[in-house]
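I opened my notebook to look up a few things in this structure. Here is what I wrote down, one entry at a time.

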Amino acid sequence: MSAMLKEQLVKVFSLMKPGMLFQYEPELDAFLEFLIWRFSIWVDKPTPGIALMNLRYRDERAVEIRENVRTGLEGPGLTVAQKMWYCIAAVGGQYIWARLQSFSAFRRWGDSEQRPLARRVWGLMQRIEGLYKAASFGNLLLFLYTGRYRNLIERALRARLVYESPNMNRAVSFEYMNRQLVWNEFSEMLLLLLPLLNSSTVKSVLHPFSKNKSSSSTEDDSTCPICRASPTTPYLALPCQHRYCYYCLRTRCAAAPSFRCSRCSEPVVAMQRHGSIVEHKTHNQ
């Protein structure tokens, strides 16, 4: 949600000075995260994503004290202190860390050998980041095993996501989800295959089925079928003997060894200068 809001906000300032928002990107991210927290967790309302999954936050400490949970859905929401600490850690912590990293990178603390203190601070930051990533990975393994506490902040605050109600209809139909999955897979396949296709080969394959096939036969043979200009150095494609520019024909034959004539779709096996001897495609110039 934060990325979607950020994209819309960037469009608002698209006509202003380029790069103006880049230097204030940490503040922008923190502001959007604060808005999400203010209108969801602070007022005991779920975000749209959590609402689609029928989830809410519950104070796990109060549930452990009561010990009278029957369905797993009982329990009060987060306290005011938990909500405040969540904002400080999730919003303020990420903002301070992002600003500290950008400031240290700009000042080149890691490359500074004249200031040992800056070098030690940089090393300390790298250790803290490594420990945090290792702890996050350990928490992920625990979450996959127990299903509790998605991140370290929720584990530290004992804020657990539980179901809001025992019965709820799926907000998104399977039919829509299937169409979305099929389209995503199809688009990824196209993105993978399209760079591998040669445009000239595709055109030559589709040329026999073109509606303008009859008109192409009557096209002026004095122009190059690739650049549509009069050849300054005319060459003939063999065996069909259609006229091309030298560089157009040479580059196409070098790019596609199985190049076919753009006029008649005949495979080009050699090339000959107009009024000269035959020059094969494999000949080096």
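**Entry 1: the hairpin.** Before I start, I need one term: two strands count as paired if DSSP finds at least two bridges between them. The model I am reading is a predicted one. I looked up S3 and S4 and found that they form a hairpin, with three residues between the two strands. In the turn, Gln241 has a positive phi of about 60°. S3 covers residues 234–238, while S4 covers residues 242–245. The two run antiparallel and are joined by four bridges. I also checked one partner: Leu236 is bridged to Arg243 in S4.

Entry 2: Is S3 mostly covered or mostly open? It is mostly covered, as four of its five residues are buried. A reminder to myself: in a regular strand, side chains alternate between the two faces of the sheet.

**Entry 3: Tyr247.** I moved on to helix H11 (residues 246–255), where Tyr247 lies. Is Tyr247 buried or exposed? Its relative accessible area is 63%, and the cut-off for exposed is over 50%, so Tyr247 counts as exposed. I also looked up its distance to Pro231, 16 residues away along the chain: their C-alpha atoms are separated by 9.6 Å.

**Entry 4: helix H5.** Next I checked the span of H5, residues 80–107. At 1.5 Å a residue, its 28 residues should span 40 Å, and the end C-alpha atoms are 39 Å apart, so the two values agree. I did find a kink of about 30° in H5, centred on Gly92. Among the buried residues of H5 are Lys83, Tyr86, Cys87, Ala90 and Val91. That made me recall that an α-helix has 3.6 residues a turn, so residues three or four places apart point the same way. Just after H5, Arg108 takes a positive phi of about 55°.

**Entry 5: the largest pocket.** Last, I looked for open space. The largest pocket has a volume of about 450 Å³. It is lined by 21 residues, and those closest to its centre are Glu33, Ile36, Thr47, Tyr86 and Arg150. Helices H2, H3, H5 and H7 each give two or more residues to this lining. Which of them gives the most? It is H5, with four residues. By type, the lining divides into 13 nonpolar, six polar and two charged residues.

Key: Residues are numbered from 1 along each chain as its sequence is written. This is a predicted model: local features need pLDDT of at least 70, side-chain atom pairs count only at pLDDT 80 or more; totals for chains, interfaces and linings use all residues. Side-chain values use heavy atoms; hydrogens and water are left out. On a 1 Å grid over the protein atoms alone, a cavity is a set of points where a 1.4 Å probe fits but cannot get out, and a pocket is an open set with protein on both sides within 12 Å along at least five of seven lines; lining residues have an atom within 4 Å of a point. Grid points are joined across faces, edges and corners, and a volume is the space filled by probe spheres set on the points. Ala, Val, Leu, Ile, Met, Phe, Trp, Tyr, Cys and Pro count as nonpolar, Asp, Glu, Lys and Arg as charged, and the others, Gly among them, as polar. Buried means under 20% relative accessible area, exposed over 50%, partly exposed in between (1.4 Å probe, protein chains only). The expected span of a helix is 1.5 Å times one less than its number of residues. The bend at a residue is the angle between axes fitted to the seven residues ending there and the seven starting there.
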